[in-house]
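Please study the sequence and the structure shown below.

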Amino acid sequence: IIELLPKGLSRIFYSDNGSTSVEIAMKVAIQFWFNKGEKKNKFVAFNGGYHGDTFGAMSVGRSSGFYKPFEDMLNMTYFIPFPEDWRGNNQLQRNEKIAKDSAHKIIKNHKKEIAAVIIEPLIQGAFGMRMCRKEFCSELVEMFKEAGILVIFDEVMTGFGRTGKMFATDHLSVEPDIICLAKSLTGGFIPLAVT
């Protein structure tokens, strides 16, 4: 698996499903900062993102609308508007600017408490198969990396050829610090995920 992944990813943590893979990614991000003597336990995610049904995963996916009964139990997450792309969308540039401005404001005001940003690269599945431009996604990731914030890609849905390349990240000019994989890892034969 490591040979297939972007070069900077060299360690694997096995688990049993996508939600757990996301939980592990979040814990690794928080532990990373803890080991550096910093308390960073907040996250940034896209509006409409879905990352699973465990509590950490629900925290970064709460804007999808599935988790209303659990809201008061979820970790704090800052959300960025998702600039959905489709043929004929005349508002795309405006919506991308709004998303970038929102991300910039979140970074400016909360950088010292943000452990990571979590992104479904290129495609949101559960909220209606919404897509964003690869150039936008690369630029947004670069913005967080320049601010020293870890980047998690949730490729549970997009991994293993579902976007025409091995991973959605292969379409981008940037790479994540952490990647979450599941579903297609075993073709559904056994429950297995990796972070």
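From strand 3, Thr77 and Phe79 point one way, while Tyr78 and Ile80 point the other way, and all are buried. Here, buried means under 20% relative accessible area, exposed means over 50%, and partly exposed lies in between (1.4 Å probe, protein chains only). Helices (H or I, at least four residues) and strands (E, at least two) are DSSP runs, numbered from the N terminus. The model is predicted: local features need pLDDT of at least 70 and side-chain atom pairs count only at pLDDT 80 or more, whereas totals for chains, interfaces and linings use all residues. Residues are numbered from 1 along each chain as its sequence is written, and side-chain values use heavy atoms, with hydrogens and water left out.

**Strand pairing**

- Strand 3 pairs with strand 2 in the parallel sense over four bridges; two strands pair if DSSP finds at least two bridges between them.
- Ile80 in strand 3 has Phe46 standing opposite.

**Nonpolar cores**

- In soluble globular proteins, nonpolar side chains tend to be buried together.
- A nonpolar core is a set of buried Ala, Val, Leu, Ile, Met, Phe, Trp, Tyr and Cys residues joined through side-chain atoms within 4.5 Å.
- The largest nonpolar core has 34 residues, and those with the most contacts inside it include Val44, Phe46, Ile80 and Leu140.
- Among the elements that give two or more residues to this core are strand 2 (42–46), strand 3 (77–80) and helix 4 (134–146).
- Helix 4 gives the most to this core, with five residues.
- Leu140 touches Phe46, Ile80, Ala103 and Ile119, not counting residues up to four places away in sequence; contact means heavy atoms within 4.5 Å.

**Aromatic pairs**

- The structure holds five aromatic pairs; rings of Phe, Tyr and Trp (its six-membered ring) pair if their centres lie within 6.5 Å, and planes under 30 degrees apart count as stacked, over 60 as edge-to-face and the rest as tilted.
- Phe46 and Phe82 form an edge-to-face pair, 5.0 Å centre to centre with 85° between the planes.
- This pair links distant parts of the chain, with Phe46 in strand 2 and Phe82 in the loop between strand 3 and helix 3, 36 residues apart.
- The pair of Phe46 and Phe136 is tilted, because the ring centres are 6.3 Å apart and the planes are at 35°.
- Phe46 in strand 2 and Phe136 in helix 4 are 90 residues apart, so this pair too links distant parts of the chain.
- Ring pairs link Phe46, Phe82 and Phe136 into a cluster.
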